[in-house]
Amino acid sequence: MTRSRLRSDLGQTLPIYIWLTGILLFVAFAFFAFAQAASARNGAQSAADAAALAAAQDSRDELVEGLGLSISEGGDWLDWLTGGPHTGAGAQEAAEVLAAENSSTVTGFASAEVNGFPGYWVRVRTDYTVGDSIIPGTESKHANAEATAVIKPRCDVDPSTDREKIVEFDCVDGESFEIDPDDFQSGDLPDAAVLFSVHLAD
């Protein structure tokens with residue numbers, strides 16, 4: 001009688017055990033699928049951030065070059081210092097190169113303005129997919145992300161300053177330097193990072 005009841009209990013328990021094991025495996029695979037998707041999304045965001053920053057850094061270099069030429073030629077170089085007349089000719093290419101280095105492709109690109117400062121908006125898609133999972137369609141699903149980077153001047157010049165004489169640049173963090181337009185060489189300008197900051201927009 002006891003043995004018969006034990007066999008009966010085991011017979012009832014086994015299907016429940018199999019059912020619970022199946023549920024646990026499903027949950028584990030589901031978590032793995034979400035982890036795959038999150039990883040792809042993070043990769044896409046990293047690529048978008050890098051591409052946007054590359055575009056802004058390329059334009060920052062153009063601004064510094066234009067500033068130097070304008071000072072040398074006696075032009076209205078203050079516009080360059082405030083981030084005004086740059087064309088951004090190489091910005092998109094710079095973004096595409098960085099996106100490719102992060103296994104992604106630029107699918108959207110535009111100049112942007114953030115709080116009055118110039119910048120670039122970039123959208124990318126990963127070249128790789130989320131991968132096979134228990135969720136249908138993930139094997140062909142690409143991750144997308146976007147980012148905006150801004151170029152912000154770090155130095156000011158008193159607008160009333162006679163720009164044909166020695167000019168003092170006052171920069172953030174207490175940095176400062178002087179430029180003599182009558183005795184100027186392109187190497188007299190400090191590093192681009194001193195003149196302009198490049199960062200992702202909030």
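Reader: What makes the link of Cys155 and Cys171 right-handed?

Author: In this predicted model, the link of Cys155 and Cys171 has 100 degrees about the S-S bond, and with that value it is right-handed.

Reader: Why is the pair of Cys155 and Cys171 called a disulfide?

Author: Their sulfur atoms are 2.0 Å apart. The cut-off is within 2.5 Å, so the pair qualifies. The structure holds 1 disulfide.

Reader: Which parts does the pair tie together?

Author: Cys155 lies in strand E4 (residues 155-156) and Cys171 in strand E5 (residues 167-171), so the pair ties together parts that are 16 residues apart in sequence. Both Cys155 and Cys171 are buried.

Reader: Why is Pro181 called buried?

Author: Pro181 has a relative accessible area of 16%. You can find Pro181 in the loop between strand E6 (176-179) and helix H4 (192-195). From Pro181 to Val167, the C-alpha to C-alpha distance is 8.0 Å, while the two are 14 residues apart in sequence.

Reader: How do you know that strands E2 and E3 pair?

Author: Strand E2 (residues 117-129) and strand E3 (residues 142-153) share 8 bridges in the antiparallel sense. Pairing takes at least two bridges, so these strands pair. Among the partners, Val124 is bridged to Ala145 in E3.

Reader: What makes E1 and E7 edge strands?

Author: The open sheet has 4 strands in the order E1-E2-E3-E7, with antiparallel pairing. Strand E1 (104-114) and strand E7 (196-200) each pair on one side only. Helix H3 (residues 91-101) lies across E1 and E2, at about 140 degrees to E1.

Notes:
Residues are numbered from 1 along each chain as its sequence is written. This is a predicted model: local features need pLDDT of at least 70, side-chain atom pairs count only at pLDDT 80 or more; totals for chains, interfaces and linings use all residues. Side-chain values use heavy atoms; hydrogens and water are left out. Contact means heavy atoms within 4.5 Å. Axes are lines fitted to C-alpha atoms, for helices over the stretch in contact, and angles run from 0 to 180 degrees between N-to-C directions. Buried means under 20% relative accessible area, exposed over 50%, partly exposed in between (1.4 Å probe, protein chains only).
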